[in-house]
Amino acid sequence: MKKLHIFIASLLAMSSVWTTAQTVHTIGDSTMADYNESTTDQRGWGQMFPGFLTPDIHVDNRALNGRSTRSFRNEGHWELVRKKLRKGDYVFIQFGHNDQKADTARHSDAETDYKINLGKYIDETRKVGAIPVLFTPIVRRKFNPNGTLADTHGKYTDAVRTVAKEKQ
């Protein structure tokens, strides 16, 4: 819970430096996605995020269930976001859950393809003067026998940190 509070505080602090009519584009998986509030109680954090911001900051949440760094791009979702990017916009990037999947449409190896894919999102975001922000995969609700959360992402979390350090 302490890390969640630090995360939210950091995002709120960032919001104070944004200019009027700023857009935050979010790309990622189901943990970030929007859900139909009339049919489910499930919510992604990207759906709830605008409630922490001032009305002049627009969130364009493009996160989708089941997507990975590979499938989000290959299905054309990134191209739609990329075309809308403007100088000074933010792109919040959070994948990992589905990059671990065995199927070839989604899988990206943590130590190779996943890092390369994240790097491409960063480079293409910066090319238009927008600001990329990497997020590690959100922990799954899987618990160890002692009640602590189990690490189910392993090398994917480390890969995000490595790419963030390399790309600054």
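This is a predicted model: local features need pLDDT of at least 70, side-chain atom pairs count only at pLDDT 80 or more; totals for chains, interfaces and linings use all residues.

Trainee: How many helices and strands does the chain have?

Mentor: There are six helices and four strands. Along the sequence they come in the pattern α-β-α-β-α-α-β-α-β-α.

Trainee: And what share of the residues counts as buried?

Mentor: The figure is 39% of the 168 residues.

Trainee: Helices next. How do the axes of H5 and H6 cross?

Mentor: H5 covers residues 113-127, and its axis comes within 10 Å of the axis of H6, with a crossing angle of roughly 40°. The two helices are therefore oblique to each other. H5 passes H6 in a right-handed crossing.

Trainee: Which side chains form a salt bridge between Lys167 and its partner?

Mentor: Lys167 pairs with Asp123, and their closest N and O atoms are 2.8 Å apart. Lys167 belongs to H6 and Asp123 to H5, so this pair ties together parts that are 44 residues apart in sequence.

Trainee: What network do salt bridges that share partners make?

Mentor: They join Asp60, Arg62 and Lys84 into one network. Within it, the side chains of Asp60 and Arg62 meet at 2.9 Å, N to O.

Trainee: Where does Asp60 stand, buried or exposed?

Mentor: Asp60 is buried, because its relative accessible area is 8% and the cut-off for buried is under 20%. Arg62, at 27%, counts as partly exposed.

Trainee: What does Glu75 pair with?

Mentor: Glu75 forms a salt bridge with Arg67, with 2.5 Å between the closest N and O atoms. Glu75 is partly exposed, with a relative accessible area of 44%.

Trainee: How many salt bridges turn up in the whole structure?

Mentor: The search finds twelve.

Trainee: Changing topic: which residues form the nonpolar patch on the surface?

Mentor: The patch is made of Ile138, Val139, Phe143 and Leu149, which together have about 330 Å² of accessible area.

Trainee: Where does Val139 lie?

Mentor: Val139 is in the loop between strand S4, residues 131-134, and helix H6, residues 155-167. Its relative accessibility is 40%, so Val139 counts as partly exposed.

Definitions and conventions:
Residues are numbered from 1 along each chain as its sequence is written. Side-chain values use heavy atoms; hydrogens and water are left out. Patches are made of residues with over 30% relative accessible area and no salt bridge: like charges are joined within 9 Å, nonpolar side chains (Val, Leu, Ile, Met, Phe, Trp, Tyr) within 5 Å. Accessible areas come from the Shrake-Rupley method with a 1.4 Å probe; for residues, only the protein chains shown count as cover. A salt bridge is a side-chain nitrogen of Lys or Arg within 4 Å of a carboxyl oxygen of Asp or Glu. Buried means under 20% relative accessible area, exposed over 50%, partly exposed in between (1.4 Å probe, protein chains only). Axes are lines fitted to C-alpha atoms, for helices over the stretch in contact, and angles run from 0 to 180 degrees between N-to-C directions. Angles under 35 degrees count as roughly parallel, over 145 as roughly antiparallel, 65 to 115 as roughly perpendicular and the rest as oblique. A crossing is left-handed if the near helix is turned anticlockwise from the far one by less than a right angle, and right-handed if clockwise.
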